[in-house]
Amino acid sequence: MQSGGGKRLRPILVLLCGKLVGHTTDASIRMGAVVEMIHTATLVHDDVIDVAKSRRGRPSPNVIWGNHTSVLAGDWLYMQAFQVALRERNFHVLDLLIGLTQMMVRGRVVANSSASGAPP
């Protein structure tokens, strides 16, 4: 996962927002990392849900490690992100991350239940 590359657009946006309000701190850099870890965790989970065979031309984690290990790896990465965020003691940001996570999961559950014909 670490060597996957990518644009890293999300952390760059976090840093640009910090500059917009006048400063970029070490906390801004850590929060950029949090956003990227959460994004990566969701990609790992999505590959399992979608039974993806590849990501960016390489075998997806679920192909390499299997579904169970991939889900655990995604969970671990997600919790690492929250641990870094918690160390900042910015509970407003934590509230936002939790709310966004709930919306994301709710959307995925609704999409999956609609696709299968089951009620959400």
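Biologist: Which residue does Glu 88 form a salt bridge with?

Modeller: In this predicted model, Glu 88 pairs with Arg 30 in a salt bridge, and their closest N and O atoms are 2.4 Å apart. The two partners come from distant parts of the chain: Glu 88 sits in the loop between helix H4 (67-87) and H5, whereas Arg 30 belongs to helix H2, 58 residues apart.

Biologist: How accessible are Glu 88 and Arg 30?

Modeller: Glu 88 has a relative accessibility of 21% and counts as partly exposed. Arg 30 is partly exposed as well, with a relative accessible area of 37%.

Biologist: What about Arg 55, which residue is its partner?

Modeller: Arg 55 forms a salt bridge with Asp 47, with the closest N and O atoms 2.6 Å apart.

Biologist: Is Asp 47 buried or exposed?

Modeller: Asp 47 counts as buried, because its relative accessibility is 2% and the limit for buried is under 20%. Elsewhere, salt bridges that share partners join Asp 46, Asp 50 and Arg 108 into one network.

Biologist: Let us step back. What is the overall layout of helices and strands?

Modeller: The protein has five helices and two strands. Along the sequence they follow the pattern α-α-β-β-α-α-α. The C-alpha trace spans about 50 × 35 × 20 Å along its principal axes. Of the 120 residues, 28% count as buried.

Biologist: Now pockets. How much space lies in the second largest pocket?

Modeller: The second largest pocket holds about 300 Å³ of space. Its lining consists of 15 residues, and those nearest its centre are Val 14, Met 31, Val 35, Val 93 and Leu 96.

Biologist: Which helices supply that lining?

Modeller: H1, helix H2 (26-50) and helix H5 (91-116) each supply at least two residues of the lining of this second largest pocket.

Biologist: How do the lining residues divide by type?

Modeller: Ten residues of that lining are nonpolar, five are polar and none is charged.

Biologist: Changing topic to the surface: which residues form a nonpolar patch there?

Modeller: Leu 9, Ile 12, Leu 13 and Leu 16 form a nonpolar patch, and together they have about 350 Å² of accessible area. Ile 12 lies in helix H1 (residues 9-20) and is partly exposed, with a relative accessible area of 41%.

Biologist: One last residue. Where is Asn 112 found?

Modeller: Asn 112 is found in helix H5 and counts as partly exposed at 33% relative accessibility. Asn 112 and Ile 49 are 63 residues apart in sequence, and their C-alpha atoms are 9.0 Å apart in space.

Key:
Residues are numbered from 1 along each chain as its sequence is written. This is a predicted model: local features need pLDDT of at least 70, side-chain atom pairs count only at pLDDT 80 or more; totals for chains, interfaces and linings use all residues. Side-chain values use heavy atoms; hydrogens and water are left out. Patches are made of residues with over 30% relative accessible area and no salt bridge: like charges are joined within 9 Å, nonpolar side chains (Val, Leu, Ile, Met, Phe, Trp, Tyr) within 5 Å. Accessible areas come from the Shrake-Rupley method with a 1.4 Å probe; for residues, only the protein chains shown count as cover. A salt bridge is a side-chain nitrogen of Lys or Arg within 4 Å of a carboxyl oxygen of Asp or Glu. Helices (H or I, at least four residues) and strands (E, at least two) are DSSP runs, numbered from the N terminus. Buried means under 20% relative accessible area, exposed over 50%, partly exposed in between (1.4 Å probe, protein chains only). On a 1 Å grid over the protein atoms alone, a cavity is a set of points where a 1.4 Å probe fits but cannot get out, and a pocket is an open set with protein on both sides within 12 Å along at least five of seven lines; lining residues have an atom within 4 Å of a point. Grid points are joined across faces, edges and corners, and a volume is the space filled by probe spheres set on the points. Ala, Val, Leu, Ile, Met, Phe, Trp, Tyr, Cys and Pro count as nonpolar, Asp, Glu, Lys and Arg as charged, and the others, Gly among them, as polar.
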